[in-house]
Amino acid sequence: MAASPEGSGPTTPTSKPLEIRTKSVEQTLVPLVTQITTLVNHQEKRIRRTEKACRAVQRVGEAVSFAVDRFVTVGQAIGDQNEEIKQEMYDACLEARTAGDSIATITNVQYIHGDEELLFNDKSQMVRAARALLSSVTKVLMVADKVMVKQLLCAKDKVLTSLVHLEGVSNFSEFVQLFSQFGTEMVELAHLSGDRQADLKDERARAKMGAARAVLERSTMMLLTSSKTCLRHPDCGPAVQNRNSVFQQMREALSAMEGVVTEGSWLQEEDRLMSPVCLHNVVKQFEDAVERTRVTLMQPTDKEKLQESLNVIIDQANDFTDSAYTSHEHREKILNLCESSRMELQGLLQVDTNNVFYHRRRLYMHPAFLPPGLWHRKDQGGKLDTTEELETAIIKTCKSMKELKKQLQNTALDQASEIFKTNEDHDILSTLKVSGTQGDAERVEEYCGKFTEHSEQLIEACRLLRHIAGNDPLYITACHAESCIRNLSPQLATATQTLVANPASKIARENLDVFCDAWESQINEMSVLVKEINDFCSGRKGEKTVYLSLPRPGKHGTTLKTIKPVKLDAEEQAKIAKLGLEMKLMTSELDAETEKWEDPDNDIVKKAQNMSSMSYSMYLFTRGEGPLKTTQDLFSQAEHFAEEGNKLFKTVRDFSADIPDGVYKAELLAHLDKIPTFCQQLNFTCKSPTVGKQATFTKVDSAIQETKNLMNTVAKVVTTCFTAATKYNLDTGSSPVNRWRSGPPPLMDIRTSQNGEEGTPQHTQETRMNSLLRSKAVQQPIQTINAFERI
C-alpha cells in the first residue's frame, strides 16, 4: 500500500511516493481510507442535494476532521517527546490538520429548498482533498515509526557496547556482572526486533531479520561458554580464537539487523544478487520470454537476450555438474538436457518470425484462433506452415527447459537426502567429544579433517538448494543455513582443540557440548528447509495434521459449560509462548524420528505420531489457534496425551524383549522407565482442581511443561528403537510388534515418490534440538538464555 503526495502540492521530478513498509501503518490507515472512500463514492454517484444527503455528508466530514484532530494531537505529543523528529512531526501534523479542515469545508454543504443541484459540483475537488489527507496522515505515521526504529537501534547499540566490554574483560567476576547486564539488553532487543519482524511487510526483510535474530539467539549461549573457557585458559590459542569468532558472528548479525531496520543497502544488494544466483528466477524469466514469442515479433535484440538467458542457466547448471557430490547419472542427465535446451532454442530462433507476425497482424488475433485452413496448411513441399512450426518450436523449448529444471531440483534434493541418510555428523561429533576428553590429539586431528569434509558437503548442498529455492524467504533461509554451517564448522573445531589441550577442564567440555548442540540444531533447521523447498517444488504447502481427540460438543452428553476466557498479562503470555515453542521443536524432532521408519503402520510409529499430533494442537493453543479453545480443552487433550503415552510404553516394553542384552537395550529401558512417571504427573496435574486466574495459569504452565518432558523422552525412545531394530536386523515375525522388515531400512528419497507419497529427509540419530534445550548452560541464572524464543 502506498500513498501519493499529489494532493498536498505539485509533484516535482524528485518527489517520491510514500512507501509503507510496515503492517501497523497500513492497518492504521484502513479506517481513514474507508471514510474517504465513502465521500468519494458520494461524489461519483451524482447524488442530488437533498436535506438527508447534506446531513449525511456533513456527519462524515465532521467525523473525519475530528479523528484527524485527535490523531494530530497524539502525533505532536510524540514529537514533543522525541526532539530529533519534533520539527518533522510538527510539519506533517500541520499538513494533516490542514487536509482535515479542507475535507470538513468541502463536506459542509447546505440544503436550499427547491435546489436540484448535485451534492458536489466540482468532481475533482474531493479527490484532491482526499489524496492530500491520506498522504499527510501517512507522513505522520511514518515519522512516528521512526521512533520505533530509533528504539530498536538504541537497543542494538547497547548490545554492541556490551559486546565491546565483554571482549575486554579479564576476570571472571567482572564477566559475570557484565554478562548479566548484557542478558537484560538482549532480552529487550529480542522483544523489539521480534515486534519489528512481525510488522514488516516485505517477505525478504522478514526473512533476513529472522535469520539475524536466530544467529544472536544461538550465539548468546556460545558466547557464554566460550568466554568462560577463554577466561579459564587464557593462554590457549584455540580458546581465544573460538571466543573471537563468536564475537565477530554476533557483530555481523547486529549489522544485518540494522540494515533491515534502516532499509539501507542490504535490500538493494539483495535485489542485485537475486537475479543472477537464483537459478529458479532465471529459468522463469527464460520461459516467460519464450512464451512471449507467440504474440510479439522477435527482434535481433530479443534473440540475443534469449541466448544470453540460456547461457546463464547453463553456467549455473555447471554448479551442479561440477559438484563432487553429484552422481554420475545426474551429471549425465544435466549435460544432455542442457544440450537439448540449446538445440531447441536454436530451432526456435530459426523460424521465420516475420512471416508469422504478418499472419497475426493481418488477423489481429492469437495463433490459436487462426482459421483451420491456415493453421494446418502445408506448402507445396509438404512442410508445416510457419505458424504451426513456431508453436511446435515453442512447446519443445519450454518442455526441454522444464525437464532441465526438474532434473536440477532432483539433483539438489538427492544430495541433501544422501547427507541425512549417512548420519555421519552424529558419529563424528561423538568421536570428537570422547577423543577430546581423553586428550587424544591425533584422533581429534583425524576426525576434525573428516568433519571439515562433511561440512563442505553440507555447504555444497546449501548452495544447490539456494539455486532451486522458489521464493525469496526460502532463498534467504538457504543462504543463512550456508553461512551458519560455514561459521560453525571452524568454531566447533577450535572448541575441540581447546578440550584436547585441556582434557580435564569441565568448562571446556561444556563449551564443546554447546557448540555440538548448536551444530545439531543447525542440521535440524536445514532438514526443515529441505522439506519446505521440496514442498514448494512439488506444489505442496506441507500443512501439519492436527490430532483431534476431544469429544464433540452436543454428543454423548459431553457438552461442557462455556468457560469465561482469562486474559494473561505480557509476562505470562511470553512464558506460555516460550514453552509452546520448545514443545513445537520437540514435536518436529519426534516427526523426524518417526519418518525414518519404512512401515507407516508400525505400532510404535502410529502411537508416536498420534502423540506428536496431540502435542502440536497443544502448541497451537499457546498461539491462540487450533481446535483447543479453552483451558479445559487443553487439559482434556493432555489427559489423552498421557493415555497414549502409557500405550506406547506397553508396546515398546514388548519390543524390548527381542533386543539382545547390551548398550542399546539398557539405554532403551532407561528412557522407557521414565514414561509412566511423566504420564502419572501429567494426569495428576490435569485433574487437580483450580480456582482463580493465577492458579489456572500455573496449571496450564505445568501441563505444557510436563507434556514437553514426556515428548522429550518419547523422542529418545523412538530413536533408540529405530537404532536397535537396524542394528540387530529385527525381523517382522521375530518382534511382538510384528512390523519391521529384516535388515536396515532402505535409504529414503527426499523427493516425491512415484506413487505420489512424500519422502522426507532423515535426521541425525540423536534428537537434535532436545540437547540444546537440555544444555547445562540453560540453567544459568542469566536472562538472555533463549531470549529470542520468547517472541
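## Aromatic pairs and charged contacts in a predicted model

F172 and F175 sit 3 residues apart in helix 5 (residues 172–199), so about one helical turn separates them. This is a predicted model.

**Helix 5**

A search of the whole structure finds 4 aromatic pairs. F172 and F175 form an aromatic pair, with 6.2 Å centre to centre and 40° between the planes. The geometry of the F172 and F175 pair is tilted. F172 is partly exposed, with a relative accessible area of 41%. F175 is buried, at 2% relative accessible area.

A further pair joins F179 and F182. Their ring centres lie 5.4 Å apart and their planes meet at 45°, so this pair is tilted. Stacked would need planes under 30 degrees apart, and edge-to-face over 60. F179 and F182 are also 3 residues apart in helix 5, which means about one helical turn between them. An α-helix has 3.6 residues a turn, so residues three or four places apart point the same way.

Both F179 and F182 are buried: F179 has a relative accessible area of 0%, and F182 has a relative accessibility of 0%. Buried means under 20% relative accessible area, so F175 at 2% falls in that class.

Which residues make up the aromatic cluster? F172, F175, F179 and F182 form one cluster.

**Charges over rings**

| Lysine | Ring | Distance to ring centre |
|---|---|---|
| K450 | Y447 | 4.4 Å |
| K699 | F635 | 4.2 Å |

The charged end of K450 sits over the ring of Y447. K699 lies over the face of F635.

**Helix 7**

How far apart are the end C-alpha atoms of helix 7? They are 37 Å apart. Helix 7 covers residues 237–261, which is 25 residues. At 1.5 Å a residue, helix 7 should span 36 Å, so the two values agree. The expected span is 1.5 Å times one less than the number of residues. After helix 7 comes E263. The phi of E263 is positive, near 55°.

**Cysteines**

How many disulfides does the structure hold? It holds 0. C154 is partly exposed, at 36% relative accessibility. C338 counts as buried, at 8% relative accessibility.

Definitions and conventions. Residues numbered from 1 in each chain as written. Predicted model: local features only at pLDDT ≥ 70, side-chain atom pairs only at ≥ 80, totals over all residues. Heavy atoms only, no water. Disulfide = S-S within 2.5 Å. Buried < 20%, exposed > 50% of the residue type's maximum accessible area, 1.4 Å probe, protein only. Phe/Tyr/Trp six-rings, centres within 6.5 Å; stacked < 30°, edge-to-face > 60°. Helix = DSSP H or I, 4+ residues; strand = E, 2+ residues; numbered from the N terminus. Lys NZ or Arg CZ within 6 Å of the ring centre and 35° of its normal.
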